[in-house]
Amino acid sequence: MVLGTDTRVLTLAFARMADALGNSFLIIVLPLYIASGQVSLAGIAGQQILGFTLQTETLIGLVLSLFGLLNSFGQPFTGRLSDRTGKRRIFVLTGLVLFAIGSAAYPFLSSYWTVLAARAFQGLGAAFTIPATVALVNDYAASDAERGGNFGVFNTFRLIGFGFGPIIAGVVITGGLAANDVVTYRFAGTAISGFTAAFAIAVLGAVVSFVLVWALIQDPPVDAEAGKDLSIAILDREGEGLDSVFVLGIGTFLMAATIALFATLEGPIRMRLDESTLFFSVQFAAVVIANVVFQVPIGRASDRFGRRPFIVAGFVILVPSVFAQGVVTGPWSMLLARFVQGIAVALVFAPSLALAGDLAGARGSGTTLSVLTMAFGLGVAIGPLASGLLYNFGSFSTPFTAGAALAFVGLVLTYTQVEETLALGQEPDQPTPQD
């Protein structure tokens, strides 16, 4: 144990941080790379499909969303396979290899379709890696009393990689915080563009993750019952309501969609608030920073006081924090709203994973937890598209008002349908008394 956490969980957390760093690099790099002219859009940009003109921004959005869609829809299948085989480690390693190959290919691709294919390849890689990694974190919990803390630590390191990756990517591409042009590096007499350097760092992140998992992680003993029931329940066992894991999946999707509303509206937000690109980046990162600060204490508190109160409180805070982003008129007010939203996300996510882990049992943790990881990835993929559409058909506040309404739906569902898995007043790893 290090800092009260299983060293294997810390290893997975560091590995996921390196992997998330590489992926977040590409979220910033790929739009710039495609728009730079180094990727041919001939015969695609400007074409009309069903009366809709394909603009460069639309094509960029497709590349970014395709990763999330393939990643999300692939996770239930890979999660089930990892439950059935009991081999988590090989799934993680396979996904990291796929992701690294995709990152390494970008500098050699010159057409839009090949870039799209490479990003799809990476989405499939993430579908292998994410559910198996989260299942390992759950499997390594010696008791329910550790599960929330484990997921808090894991999510903290993952978010550090995801949150600070874009800032580092901008520095690598331009050679400095104040620069705007793509820099050219000299290495052993060879000229390397900032784009190539950024892709190389993405590959390095996957390689570091691979080495850590290969050297330090082993599969836990296989439960003979795990993976037999591979279905995802919609109704609870009594048939009187919705299954808690299914509801948490819906709530996680709605929460993730509200996070992703912000990125699409960079231009309108900067114009409305009269702010710089750097300040917008800080606002974007505020959700992640709040998560980094609060994930571990909230996760560990949920081990002691129960999962459900934190999840419900998270949605209570999420509703006004998202709505406020559509009505604030100052950059500092927006920063505060984003930070509060980050606190809400921290209250929801780690306790939700822990609660789903409590219920996994014979369902298989890979299958069960993939419901939440799939939902999060799908929300992040759908959010930017929904934001752009809502902005075009409404006003500046429309996407955020809709996001607040979705958060309220999540609040109602979790409050009425999610049951507590830890019995308060007794040790968390003891069974709950039955009526």
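Select Tyr33, Tyr106, Phe195 and Phe199: together they make one aromatic cluster. Rings of Phe, Tyr and Trp (its six-membered ring) pair when their centres lie within 6.5 Å; planes under 30 degrees apart are stacked, over 60 edge-to-face, and the rest tilted. The model is predicted: local features need pLDDT of at least 70, side-chain atom pairs count only at pLDDT 80 or more, and totals for chains, interfaces and linings use all residues. Residues are numbered from 1 along each chain as its sequence is written, and side-chain values use heavy atoms, with hydrogens and water left out.

**Aromatic pairs**

The structure holds 10 aromatic pairs. Keep Tyr33 and Phe199 selected. Their ring centres are 5.1 Å apart and their planes stand at 85 degrees, so this pair is edge-to-face. Tyr33 belongs to helix H1 (residues 7-35) and Phe199 to helix H6 (residues 194-216), so the pair ties together parts 166 residues apart in sequence. Helices (H or I, at least four residues) and strands (E, at least two) are DSSP runs, numbered from the N terminus. Both Tyr33 and Phe199 are buried. Buried means under 20% relative accessible area, exposed over 50%, and partly exposed in between (1.4 Å probe, protein chains only).

Next, select Phe294 and Phe339. They too form an edge-to-face pair, 6.4 Å centre to centre with 70 degrees between the planes. Phe294 sits in helix H9 (residues 277-305) and Phe339 in helix H11 (residues 331-360), 45 residues apart. Phe294 is partly exposed, at 27% relative accessible area. Phe339 is partly exposed as well, at 29%.

**Charges over rings**

Go to Arg8. Its charged end sits over the ring of Tyr140, 3.9 Å from the centre. Then try Arg119, whose charged end sits over the ring of Phe67, 4.1 Å from the centre. The criterion is NZ of Lys or CZ of Arg within 6 Å of the ring centre and within 35 degrees of the ring normal.

**The core**

Select Leu12, Tyr106, Tyr112, Phe199, Met255 and Ile269. Of the 96 residues in the largest nonpolar core, these touch the most other members. Such a core is a set of buried Ala, Val, Leu, Ile, Met, Phe, Trp, Tyr and Cys residues joined through side-chain atoms within 4.5 Å. The core draws at least three residues from each of domain 1 (1-219) and domain 2 (231-421); the bounds come from an automatic or database domain assignment.

Finish at strands E3 (residues 184-187) and E4 (residues 190-193), which run antiparallel and are joined by 4 bridges. Strands pair if DSSP finds at least two bridges between them. Phe187 has Thr190 as its bridge partner in E4.
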